[in-house]
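Student: I would like to learn how to read helices and strands in a model. Could we take the features in turn?

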Amino acid sequence: MTPPEPLVALTEERGIITLALDSPATRNALSAHLVTELADALTACGKDPAVRAVVLTHTGGTFSAGADLKAPPSPYAFVDLLRQIVELPKPVVGLVTGHARAGGLGLLGACDIVIAGEAADFALTEVRIGVAPAVISLTLLPRLDPRAAARYYLTGERFGVPEAIAMGLVTAPATAYDGILDALRAGSPQGLREAKRLVTARVLETFERDAEDLVQRSATLFASAEAREGMTAFLERRDPEWRL
């Protein structure tokens, strides 16, 4: 039996491992296969003493379109992946140069530092298919400006890099990328690990408090009649029945 094509491409340069989501045909949708493969790659990075930091990026024009509606991971598997990024004993730098949607923003929220190219744009589109950004709130709400979060959670509007920086989703534009990687290479493994534990403590408190509730809420929403209509409309490229 032919093994499936890999969905995560790995490269290394001077102690920095780059993991690129590599399923451009699906706009790097978060399928069960992709989530498992990314989790396995992160586990290997976490155990490798030669790895100073990890870059999480993408091939193609989309960082991630969010959950793969045809082959989604279980909510628990996705929660585990988000927590793995937050708890990884290495800094994780998100690098987005294209579109990021829905669950893709959850991945960026889990990263310690996020760099965005000029062409990057973002949207929390869950409300438009009858659900809500439930599970990804674990990594987003502790980091985002509350007023900005309310706007984009509720409207599903697209926003660009300046707005993403102002609200706390993105750390810096692409011009800062090389300097940040060099700065991480200058940090000691122990120093980076312990500094990360300090800055992620609040996010991990959210996992401890809210993860189970948000998984159950997500499952209920995705099983609802409105979500079925929203996802069907999305796949059929038509407006859902509630659109005014």
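Student: At what angle do α2 and α8 pack, and how far apart are their axes?

Tutor: This is a predicted model. Two packed helices are described by the angle between their axes and the distance between the axes. Here α2 and α8 pack at about 170°, and their axes are 10 Å apart. An angle over 145 degrees counts as roughly antiparallel, so α2 is roughly antiparallel to α8.

Student: Which residues of α2 and α8 meet?

Tutor: From α2 there are P75, Y76, V79, L82, R83, I85, V86 and E87. In α8 they meet K196, T200, V203, L204, F207, E208, A211, E212, V215 and Q216. By class, this contact has eleven nonpolar, two polar and five charged residues.

Student: How do α2 and α3 pack?

Tutor: The axes of α2 (residues 75–87) and α3 (residues 103–110) are 8 Å apart, at an angle of about 30°. The two helices are therefore roughly parallel to each other. On the α2 side the contact is made by F78, L81, L82, I85 and V86, and on the α3 side by G103, G106, L107 and A110. Seven of the contact residues are nonpolar, two are polar and none is charged.

Student: Which residues of α2 are buried, and what do they pack against?

Tutor: An α-helix has 3.6 residues a turn, so residues three or four places apart point the same way. In α2 the buried residues are F78, V79, L81, L82, Q84, I85 and V86. They pack against α1, β3, β5, α3, α4 and α8. As for its length, α2 has 13 residues and reaches 18 Å from first C-alpha to last, close to the 18 Å expected at 1.5 Å a residue.

Student: L38 is in helix α1. Is L38 buried or exposed?

Tutor: L38 has a relative accessible area of 0%, so it is buried. Leaving aside residues up to four places away in sequence, L38 touches V8, L19, L21, L56 and L81. The C-alpha atoms of L38 and A9 are separated by 9.5 Å, although these residues lie 29 apart along the chain.

Student: Now the sheet. What is the order of its strands?

Tutor: Strands of a sheet pair through backbone hydrogen bonds, either parallel or antiparallel. This sheet is open, with six strands in the order β1-β2-β3-β5-β7-β10 and mixed pairing. β1 (8–13) and β10 (172–173) are the edge strands, each pairing on one side only.

Student: How do the strands run in the pairs β1 with β2, β2 with β3 and β7 with β10?

Tutor: β1 and β2 run antiparallel and are joined by six bridges; A9 stands opposite A20 in β2. These two strands form a hairpin with two residues between them, and R14 in the turn has a positive phi of about 50°. β2 and β3 run parallel, also with six bridges, and I17 stands opposite V54 in β3. β7 (residues 113–116) and β10 run parallel, joined by two bridges, and the bridge partner of I115 is A172.

Student: Which way do the residues of β2 point?

Tutor: In a regular strand the side chains alternate between the two faces of the sheet. In β2, I16, T18 and A20 point one way, and I17, L19 and L21 the other way. Six of the six residues of β2 (residues 16–21) are buried, so this strand is largely enclosed by the rest of the structure.

Terms used
Residues numbered from 1 in each chain as written. Predicted model: local features only at pLDDT ≥ 70, side-chain atom pairs only at ≥ 80, totals over all residues. Heavy atoms only, no water. Pairing = 2+ DSSP bridges. Helix = DSSP H or I, 4+ residues; strand = E, 2+ residues; numbered from the N terminus. Axes fitted to C-alpha atoms, helices over the stretch in contact; angles between N-to-C directions. Parallel < 35°, antiparallel > 145°, perpendicular 65-115°, else oblique. Contact = heavy atoms within 4.5 Å. Nonpolar A, V, L, I, M, F, W, Y, C, P; charged D, E, K, R; others polar. Buried < 20%, exposed > 50% of the residue type's maximum accessible area, 1.4 Å probe, protein only. Expected span 1.5 Å × (residues − 1).
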